[in-house]
Amino acid sequence: MIGVRAVQKVSSTRAFARIAPHVIPAMDRTVHRLTRGKVLLSAQMLPGVILTSTGARSGQARRSPLACMPEDGGWILVGSNFGRTGHPAWTHNLIAHPDAEISWKGEEIPVTARLLEGEERAGVWKTALAFWPPYATYQKRIEREIRLFRITRRAGGGPPE
């Protein structure tokens with residue numbers, strides 16, 4: 001079996017950044033659907049969720065398989081986009097429509113997202129780098145600041161708007 005350090009090294013390469021965004025999310029969505037929300041392939045290395053957000057421009061539901069960093073009372077989502085230049089679309093969606101839903105270990109959970117800034121972001125960023133060191137390589141490769149979101153369960157538990 002491939003070790004975590006080997007996966008981290010591979011995931012830090014530019015070739016991975018070119019290929020992975022086209023392959024990993026498609027595989028994750030397919031396996032997630034086939035297992036009725038119980039399995040994400042990428043979650044074998046990092047915890048993962050399927051984020052259902054509302055499109056910033058379209059208003060349509062958008063499903064994005066994402067790595068996450070669980071924390072007490074919620075999750076951190078890192079908008080690394082595999083170290084590519086633009087922010088991932090799901091980050092724009094959460095800024096425009098912070099109420100969303102995640103599928104976490106087979107459970108559908110209504111959530112609210114909050115973009116982290118300033119000192120709060122800096123503290124979480126340090127934790128994220130310890131959690132998955134390739135984030136540092138991604139940040140060095142690009143000029144934009146990687147967006148971090150804190151995702152918490154939404155009171156009331158209704159579906160996203």
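1. Let's start with E107, which is partly exposed at 38% relative accessibility (the cut-offs: buried is under 20% relative accessible area, exposed is over 50%, and partly exposed is in between, with a 1.4 Å probe and protein chains only). Before going on, note that this is a predicted model, where local features need pLDDT of at least 70 and side-chain atom pairs count only at pLDDT 80 or more, while totals for chains, interfaces and linings use all residues. Residues are numbered from 1 along each chain as its sequence is written, and side-chain values use heavy atoms, with hydrogens and water left out.

2. What does E107 pair with? Its side chain meets that of R153 in a salt bridge, 3.6 Å from N to O (the term needs a side-chain nitrogen of Lys or Arg within 4 Å of a carboxyl oxygen of Asp or Glu). The pair links distant parts of the chain: E107 sits in strand β5 (residues 107-115) and R153 in strand β6 (residues 147-153), 46 residues apart. Helices (H or I, at least four residues) and strands (E, at least two) are DSSP runs, numbered from the N terminus. R153 is partly exposed too, with a relative accessible area of 48%.

3. Strand β6 turns up again in the next pair. R150 forms a salt bridge with E120, with the closest N and O atoms 2.6 Å apart. Here R150 in β6 is joined to E120 in helix α4 (residues 118-131), and the two are 30 residues apart. R150 is buried at 18%, whereas E120 is partly exposed at 32%.

4. For the overall tally, the rule gives six salt bridges.

5. Helix α4 has another partner to look at. E145 forms a salt bridge with R121, the closest N and O atoms being 3.5 Å apart. E145 lies in the loop between α5 (134-141) and β6, and R121 is in helix α4, so the pair ties together parts that are 24 residues apart in sequence. Is each end buried or exposed? E145 is exposed at 52%, while R121 is buried at 7%.

6. Last, a word on α5. Its buried residues are P134, Y135, Y138, Q139 and R141. These residues cover an arc of only 160 degrees around the axis, which puts them on the same side of α5 (the arc is that of the directions from the helix axis to the C-beta atoms).
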